[in-house]
Amino acid sequence: MARSNTQERPSRLFRNLSAKIAAVPMILTAMVVFVGFSVWTVVHSFTKSGLLPRLNFVGTLQYERLWNSDKWLISIQNLVIFGGCMLVLSFVIGFVLACLLDQKIRYEGVFRTILLYPFALSFVVTGVVWQWMLNPDFGVQSIVRGIGWESFAFDPLNNGKIVMFGVVIAALWQGSGFVMVLLLAGLRGIDDEIWKATRVDGVPAWKTYLFVIVPMLRPVFVTTLVIVTAGIVKVYDLVVAQTDGGPGIASEVPAKYVYDQMFLNQNLGQGFAASTMMLLTVAVIIIPWAYLEFGGKKRG
Amino acid sequence: MRIRFLLGATVAVCAAGVAHAEDIEVTHWWTSGSEAAAVAEFAKAFDATGNKWVDGAIAGSGGVARPVMVSRITGGDPMGATQFNHGQQAKELVEAGLMRSLEDVAKADGWRDIVHPASILQSCEIDGEIYCVPVNIHSQLWLWLSNDAFEKAGLKVPTNWEEFVAAAPDLRKAGIQPLVIGQQPWQAALVFQNLVAAIAGPEVYKQVITDKNVDAVNTPEMDKAFAALVTARELATGSNVQEWNQATTMVIKGGAAGQIMGDWAQGEFAIAEQVAGKDYTCLPGLGVSDIVSTGGDAFYFPAIDDPKIAAAQEALARVMISPEAQVAFNLKKGSMPVRSDVDLTAANDCMRKGLDILANGTVVDGLDQALSADASNQLSDLMIQFFNQPDMPVEKVKESLIGILQLSS
């Protein structure tokens, strides 16, 4: 009797066994790659590892050095400038473009392709292209001067104070189209009845967009925000291709600091400390957000 | 059946690869015209011993190539031999037992007697054993001047740093960039190194750079060097080139009057068919003191557990230090040989000056030799920041320099 009883009620562990077995590789990958290697990195950030990882602990020495380093502080500052500009501008530009394309214009597909096209290029290509575009001798400046405005000066890449904005221009050129496409997809998902209702009530179109459509697009905005933010934190190749951190160290970014420390300075400990700080920053932003977004409601 | 056949074939190919153990892959980052020609001399000499040189050139500079080399060695896919700069770049690899000792070869062939200056072999020595073959000496302490530029400005070509500084205002008036420094960070560190060696003097240079003596930073001699550093920043304002050879090209074309650069710049002048003394002037130690530094390249051999490969590695080491290969290689490379008993009659004026100083003058350690990769890159970052921030006070440089020296000692 007891035996048949267990057969009727298998333990929870073995319910949906095939699904659980199928998930094992992913769970293992997540545990080993994401959790395991992160812990390994954090542990080694407290060591004096040079070219090779070693467990010769030195306490918080690497972190003290990190926060005393001009290069790191400038990197953080640049990331804030770059991130702030990118978030605000790519969303504004992307949303405006999406709204314009949403007006049921002719040849929409052509415009959409043109605007999204830069996203198909790698950051390295974007960086090199904009390095030439912003070069005073044969880029924007020389073209404007050629037209006749002789005193026109626009040379961001050789001026440490504004070099980050030169990088932002390139990143916007590449990324805005992507934001546009995501938001456009969201706009297309809005029920026509909403538009009819606001038209009946005599609400102007711009007001409908701002106060009705934008709140309805919240899930799309959140997804886009996560993707764009992740791109901002890990920005590396664009800077390397466009300015290589210059002039001087004026356009250094954290990801480049990590690479430089690990592979040029042969100082793994310092690189690990910097990447731990990056992980911490991301965690500080992501965890409260994820809690608010997913923690409250139970979706079953 | 088919799979088994393929597997069998693969094993056979692998076995064949092992049987030809005399194939030695050599990785290096010598890809420019003169560099490739120079390394081909080694390949030719090595092939003549019956072995085969498999060229593993990695494009880009050392900063690109070194991470690739290191990850191959640590990742268990070592090459037969690999280039590094003299000094501490491969120190940890040696300490981890990944590199083989050349002590037996060195002792048998008496390297300690033939290599001159001795410091260049000492850089290969870890715990009393020799781990690398030095192949050349590049002095980093040179000022290159364009005779054309000074003629255009109606000036006499300077013979030392002070005259050069004095000429700067007139050069500016003539529309010539007095001093050109590229934006690569190491170039800025090289300028600093030159100023310390020439202005503060070799004694202070040894105390600060080689011995990392923090007290020596606060001496009147170093203050003079720091003052010269500020002057150099003023003279370099307006130079917006990136690579060192672009900067050299400016000097060749007369758009810039001078560049502080190692003797590898000579290759660029040679390609442009310029003649030393007529078209350009070279001043060792900024014309202030007769001094050369001993940076350069060396080859390291990863430890591979195969007697045939080990034998081929020894053969390669012997080839690289042999008088014939030294002459052929260094003439093409524009560097100085690591032994003084070879005849370099074909050397040009500038190289001859360098060789004379190497024989009779003061010799100091190059940056790569004296500092760890960590310290020298920190120094580069500090200097490139200084040269790009006109408002950065020299006191801050001093403070940061002390910090870097303390960290690395």
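# A walk through chains A and B

Start by selecting L286(B), which counts as buried because 23 C-beta neighbours lie inside 10 Å. Here a residue is buried if 20 or more other C-beta atoms lie within 10 Å of its own, exposed if 12 or fewer, and partly exposed in between, with C-beta atoms placed from the backbone. L286(B) sits in the loop between β10 and β11 (291–293) of chain B. Helices (H or I, at least four residues) and strands (E, at least two) are DSSP runs, numbered from the N terminus. L286(B) has a positive phi of about 55 degrees, although it is not a glycine.

Some notes before you go on. This is a predicted model: local features need pLDDT of at least 70, side-chain atom pairs count only at pLDDT 80 or more, and totals for chains, interfaces and linings use all residues. Residues are numbered from 1 along each chain as its sequence is written, while chains are lettered from A and ligands numbered from 1 in the order in which they are written.

**Stop 1: all of chain B**

Select chain B and you will find 20 helices and 13 strands. Its C-alpha atoms fill a box of roughly 80 × 50 × 45 Å along the principal axes. Of the 409 residues, 51% count as buried.

**Stop 2: the two domains of chain B**

Colour domain 1 (22–138 + 295–339) and domain 2 (142–293 + 363–408) of chain B separately; such bounds come from an automatic or database domain assignment. Their C-alpha centres lie 29 Å apart. Where they meet, 14 residues of domain 1 of chain B are in contact with 16 residues of domain 2 of chain B. Two residues are in contact if their C-beta atoms, placed from the backbone, lie within 7 Å. On the domain 1 side of chain B, this contact has one nonpolar, 13 polar and no charged residues. Ala, Val, Leu, Ile, Met, Phe, Trp, Tyr, Cys and Pro count as nonpolar, Asp, Glu, Lys and Arg as charged, and the others, Gly among them, as polar.

**Stop 3: strand β7 of chain B**

Next, pick residues 142–146 of chain B, which form strand β7. Five of the five residues are buried, so β7(B) is largely enclosed by the rest of the structure. W142(B), W144(B) and S146(B) point one way, and L143(B) and L145(B) the other. In a regular strand the side chains alternate between the two faces of the sheet.

Which strands does β7(B) pair with? One is strand β10 (residues 280–284) of chain B, antiparallel over five bridges, with L145(B) opposite T281(B). Another is strand β9 (residues 256–260) of chain B, antiparallel over three bridges, where W144(B) stands opposite Q259(B). Strands pair if DSSP finds at least two bridges between them.

**Stop 4: L190 of chain B**

Move to L190(B) in helix α10 (residues 185–200) of chain B. L190(B) is buried, with 27 other C-beta atoms within 10 Å. Setting aside residues up to four places away in sequence, L190(B) touches Q140(B), I260(B), M261(B) and G262(B). Q259(B) is 69 residues away along the chain from L190(B), and their C-alpha atoms are separated by 11 Å.

**Stop 5: a cis bond**

Select H116(B) and P117(B), joined by a cis peptide bond with omega about -5 degrees. P117(B) lies in the loop between α6 (111–114) and α7 (118–122) of chain B. Most residues other than glycine have a negative phi, and most peptide bonds are trans.

**Stop 6: over to chain A**

The contact between the chains takes 18 residues from chain A and 19 residues from chain B. Helices α4 (70–101) and α13 (254–264) of chain A each supply at least two residues to the chain A side. Ten of the eleven residues of α13(A) are buried, so this helix is largely enclosed by the rest of the structure. Those buried residues include Y257(A), D260(A) and F263(A).

Is Y107(A) buried or exposed? Y107(A) counts as exposed, because it has 9 C-beta neighbours inside 10 Å.

Where pLDDT is low, the predicted coordinates should not be read in detail.
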